[in-house]
Amino acid sequence: MTEKVAIKGGEFVIRETAYTDVFIPEEFDEEARMIRQTCLDFLDTEVLNKLDRIDSQEEGLMQSLMDKAGELGMLGVSIPEEYGGFGKDFNTSMLVTDAVGGGYSFAVALSAHTGIGTLPILYYGNKEQKDKYIPRLATGEWKACYCLTEPNAGSDANSGKTSAKLNDQGTHYMINGQKMWITNGGFADIFIVFAKIDDDRNLTAFIVEKDFGGITMNPEEHKLGIKGSSTRQVFFNDCPVPIGNMLSERENGFKIAVNILNIGRIKLGAATIGSARSVISQATKYANERVQFDLPISKFGAIRYKLAEMAIRLFATESATYRAGQNIDDAYRYLLAEGMDEAKAKLKSVEQFAIECAIIKVWCSEMLDYVVDEGVQIYGGMGYSAEAPMERAYRDARINRIFEGTNEVNRLLIVDMLLKRAMKGEIDLMGPATAVANELMAIPEFGDEDETPFAKEKKVIANLKKTGLLIAGAAVQKLMMSLAKEEEILMNIADIIGYTYVAESVLLRAEKIHNTQGEQTSMYATDMAKVYLYGAVDKVNIAGKEALNSFAEGDELKMMLIGLRRFTKMEPFNIKEARQRIAKKLIDENSYCF
């Protein structure tokens with residue numbers, strides 16, 4: 001067991017992480033970089049020159065692009081070699097999702113196929129099912145979609161009404177029901193369908209082939225964004241599914257859905273990174289080309305602020321995404337070494353870091369929304385025109401706060417999962433929370449300041465963690481079982497946890513670059529880490545005050561607000577100059593270059 005595996009999912013809240021224990025994107029090897037470049041080249045030659053045709057859903061175009069991607073191996077990066085894939089690790093598959101993320105609707109189609117369409121069979125299928133379906137899905141010969149959502153079953157997926165009844169002969173389940181918002185539905189050959197058998201409380205999953213019959217569809221949905229992505233309502237009318245096509249066990253469907261969504265969440269984060277990188281590069285080029293008052297607008301401080309802040313938020317969330325991806329890879333290798341089955345180990349490793357997956361889904365989708373919004377602003381009037389790239393990027397980004405569970409649901413899940421793990425004894429939250437509460441009563445220590453690089457920033461991170469423990473611990477004690485109904489407070493706590501995780505991740509990345517490549521190389525990473533941390537401190541302070549004012553009162557409230565002020569301090573530094581350095585680098589390179 002390596003040191004990297006020592007930290008459990010969610011345990012970052014109570015433990016310090018060493019920079020040596022995190023993976024940063026700068027560490028991808030040559031093979032991974034070549035795979036990434038293949039994906040970027042594919043977008044340039046096959047996708048980005050066809051965006052209008054894709055958005056008009058030209059007959060057969062998306063399928064042909066998927067076929068070409070399959071020929072290059074882009075659909076099988078994480079598929080084991082025995083099924084025709086490359087067998088690469090989780091973080092490499094994340095890198096592919098990142099690279100393709102700038103592909104607008106094509107990125108959605110590819111991600112749905114390789115993720116929620118293929119992985120349920122890979123992880124939960126028996127040998128016969130995997131032998132039959134995975135090789136064809138890996139090459140793109142068959143395209144896949146995922147049928148979970150229903151008109152009255154969205155966030156509450158287990159309330160779905162689609163039914164499955166065994167026929168009199170005992171050979172087939174007859175599926176009846178309606179699914180909606182089905183990505184790739186219009187051209188999929190394979191449907192992962194969730195239905196309830198008889199009066200079961202929980203869903204069961206089935207592998208359904210289009211050729212089984214009994215499947216009809218509504219016309220393509222007209223959507224705000226991702227217009228080129230096929231999105232259909234799918235109707236099952238006595239669709240006969242062989243009993244051998246039940247996926248996993250009866251009533252295990254909800255568990256399958258939850259676990260696959262964990263993967264979908266972190267993969268969505270990776271996709272937004274690729275999209276944001278593209279938008280920042282386009283905005284930077286435009287700012288260098290657009291002249292007003294006899295100067296390129298990139299010379300003006302307000303524009304430079306925007307470019308720098310876009311880059312900072314991307315760099316920070318990217319740091320968190322690949323940190324969590326490596327945690328998943330390390331956990332997987334440890335579970336394999338312990339003798340766990342390969343598919344189960346993959347599922348368990350992602351499940352272990354479900355809290356981090358939810359954080360990444362929320363923070364990355366909101367990062368991209370900020371980036372595209374500022375991209376439109378930098379383009380000005382042209383940003384609002386369909387002739388320029390920002391209009392499409394702006395519309396396409398909006399779905400990410402709804403995909404894979406809304407951001408509101410994911411914020412609630414972050415806290416819910418953390419508290420449940422504490423109640424099970426998997427993470428000791430109450431011990432550290434009690435210690436923080438006791439610390440409020442003590443006189444602050446004023447020892448010698450640690451002058452090593454990043455020491456002051458690490459102390460700030462440690463104090464942000466204390467803030468989360470202080471408020472979560474007090475909320476649990478005060479509200480007890482009613483806390484589950486106090487969604488505003490839970491979302492305040494989730495914001496504290498999420499900003500702390502992302503701020504720690506980007507700081508660790510900067511520290512690792514500093515200690516492995518030198519101070520000069522790490523200058524921009526250090527600037528971005530410090531600016532992000534400075535903003536995170538303010539956001540944690542606001543979330544903390546809102547939470548405390550919602551449930552505490554009197555002397556208790558005064559004491560905890562004093563503690564909050566103590567724990568949300570950071571030494572001032574010239575943020576404007578740091579942003580100016582970051583913006584200048586972007587402008588000089590004429591693209592996102594970090």
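How many residues does the largest nonpolar core have, and which of them make the most contacts inside it? Before I answer, please keep in mind that what you see is a predicted model. The largest nonpolar core has 178 residues, and the ones with the most contacts inside it are Phe 106, Tyr 532 and Phe 551. Among the elements, helix H11, residues 354-379, gives the most to this core, with 17 residues. There is also a second, separate core, this one of 19 residues, which includes Ile 182, Ala 188, Phe 191 and Val 241.

If we leave aside its neighbours within four places in sequence, Phe 551 is in contact with Ile 471, Ala 474, Ala 475, Lys 478, Leu 479, Ile 489 and Met 560.

Phe 42 is buried, with a relative accessible area of 3%, and, not counting residues up to four places away in sequence, Phe 42 touches Val 47, Leu 65, Lys 68, Ala 69, Leu 72, Met 74 and Phe 106. For a sense of distance, the C-alpha atoms of Phe 42 and Phe 454 are separated by 40 Å, and these two residues are 412 residues apart along the chain.

Now to the strands, and I would begin with E4, residues 190-197, where 8 of the 8 residues are buried. Ile 190, Ile 192, Phe 194 and Lys 196 point one way from E4, while Phe 191, Val 193, Ala 195 and Ile 197 point the other way, and all are buried; please note that a lysine, Lys 196, is on that buried list. So which strands pair with E4 in the parallel sense? Strand E1, residues 144-147, runs parallel to E4 and is joined to it by 4 bridges, with Cys 147 standing opposite Val 193. Strand E2, residues 163-166, also pairs with E4 in the parallel sense, over 2 bridges, and there the partner of Ala 164 is Ile 197. Strand E5, residues 204-209, by contrast, runs antiparallel to E4, with 6 bridges between the two, and Phe 191 has Val 208 as its bridge partner in E5. E4 and E5 form a hairpin with 6 residues between them, and in that turn Asp 198 has a positive phi of about 50 degrees.

A further set of pairings involves strand E7, residues 231-242, which is joined to strand E3, residues 172-183, by 9 bridges in an antiparallel arrangement. Within that pairing, Lys 179 has Val 234 as its bridge partner in E7. Strand E6, residues 215-217, also runs antiparallel to E7, through 3 bridges, and Ile 215 stands opposite Phe 236.

Helix H15, residues 455-479, gives the most here, with 5 residues, while helices H13 and H14 each supply at least two.

Finally, two residues deserve a look at their backbone. Most residues other than glycine have a negative phi. Gln 57, however, has a phi near 55 degrees; Gln 57 lies in the loop between helix H2 and helix H3 and is partly exposed, with a relative accessible area of 27%. Phe 293 likewise has a positive phi, of about 55 degrees, and lies in the loop between strands E9 and E10. Is Phe 293 buried or exposed? Phe 293 is exposed, with a relative accessible area of 72%, whereas Phe 42 is buried.

Key. Residues are numbered from 1 along each chain as its sequence is written. This is a predicted model: local features need pLDDT of at least 70, side-chain atom pairs count only at pLDDT 80 or more; totals for chains, interfaces and linings use all residues. Side-chain values use heavy atoms; hydrogens and water are left out. A nonpolar core is a set of buried Ala, Val, Leu, Ile, Met, Phe, Trp, Tyr and Cys residues joined through side-chain atoms within 4.5 Å. Buried means under 20% relative accessible area, exposed over 50%, partly exposed in between (1.4 Å probe, protein chains only). Contact means heavy atoms within 4.5 Å. Two strands pair if DSSP finds at least two bridges between them.
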